[in-house]
Amino acid sequence: MDSALLPFALLCFTSFFTLTNPLGTMPVFLTMTHGMTEKERQSIVRRATIVSFITIMVFVFAGQFLFKFFGISTNGFRIAGGVIIFKIGFDMLQARYTPMKLKDEEIKTYADDISITPLGIPMLCGPGAIANAIVLMQDAHSYEMKGILIGTIALIYLLTFFILRASTKLVNVLGETGNNVMMRLMGLILMVIAVECFVSGAKPILVDIVREGTCFK
């Protein structure tokens, strides 16, 4: 195996798992589906993970087209993506990851099918995950790396499906303390990834500025 493939695979897995954050989504999911049967919950989880995966795949393959269409530079997007991911990681580090703030009366007014919004988008497939997908696709310089990226995303959403499906049992096992510890750890990892993303985008821009300044002298 190419020496660059394993680090890339680990980066894909850790970044997407922390951004998707199925463990942090469990309490919110259980609140939104309070009073529903286990069969109804499983149906919602299945649709939500499928919708999230398809949405991510659209941005993975359409990312370059969007860059050209809107005239966005890859480095500029890396910087913006780094800021977004850092903010999410910082909130998780403070153990205050709240994808959506819901009032009790708002939960009751949800339609029967909440799998697309808010569970699928933006909870399981938010701006951080979308930005991460586009950036990593830009970094995938070979077909092997692209295959690893797509396979890892599929694996993450498969794990998300099983985790949310077993959310009632897992919440009881982890408890509030265990969930907070996991959230802080994932938040720290996410912040490190965000800094790397920001630096990789800012460095070429700064180099170009220095070059232009040297040329004008």
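Q: Which helices each supply at least two residues of the lining of the second largest pocket?
A: This is a predicted model, in which local features need pLDDT of at least 70 and side-chain atom pairs count only at pLDDT 80 or more, while totals for chains, interfaces and linings use all residues. Residues are numbered from 1 along each chain as its sequence is written, and side-chain values use heavy atoms, with hydrogens and water left out. A pocket is here an open set of points on a 1 Å grid over the protein atoms alone, where a 1.4 Å probe fits and protein lies on both sides within 12 Å along at least five of seven lines, and its lining residues have an atom within 4 Å of a point. With helices taken as DSSP runs of H or I of at least four residues, strands as runs of E of at least two, and both numbered from the N terminus, the helices that each give at least two residues to this lining are α1, α4, α7 and α9.

Q: Which helix gives the most to the lining of the second largest pocket, and with how many residues?
A: The pocket has a volume of about 220 Å³, a volume being the space filled by probe spheres set on grid points that are joined across faces, edges and corners. Among the 16 residues of its lining, Leu11, Leu136, Ile193, Glu196 and Cys197 are the closest to the centre. The helix that gives the most to this lining is α9, with 6 residues.

Q: How many nonpolar, polar and charged residues does the lining of the second largest pocket have?
A: In this classification, Ala, Val, Leu, Ile, Met, Phe, Trp, Tyr, Cys and Pro count as nonpolar, Asp, Glu, Lys and Arg as charged, and the others, Gly among them, as polar. Sorted in this way, the lining comes to 9 nonpolar, 4 polar and 3 charged residues.

Q: How far apart are the end C-alpha atoms of α1?
A: The expected span of a helix is 1.5 Å times one less than its number of residues. Helix α1 runs over residues 5–20 and has 16 residues, so it should span 22 Å, and this agrees with the separation of its end C-alpha atoms, 22 Å.

Q: How far does α4 reach from its first C-alpha to its last?
A: α4 has 20 residues, and its reach is close to the 28 Å expected at 1.5 Å a residue. Its buried residues (under 20% relative accessible area, with exposed over 50% and partly exposed in between, for a 1.4 Å probe and protein chains only) include Phe77, Arg78, Asp91 and Met92. From first C-alpha to last, α4 reaches 28 Å.

Q: Is Val51 buried or partly exposed?
A: Val51 belongs to helix α3, and its C-alpha atom is separated by 9.6 Å from that of Leu119, 68 residues apart along the chain. Beyond its neighbours within four places in sequence, Val51 is in contact (heavy atoms within 4.5 Å) with Ile116 and Ile121. Since its relative accessibility is 21%, Val51 counts as partly exposed.

Q: Is Gln138 buried or exposed?
A: Gln138 is found in helix α7, and, leaving aside neighbours within four places in sequence, its contacts are Gln64, Phe67, Thr74 and Arg78. Because its relative accessibility is 17%, Gln138 counts as buried.
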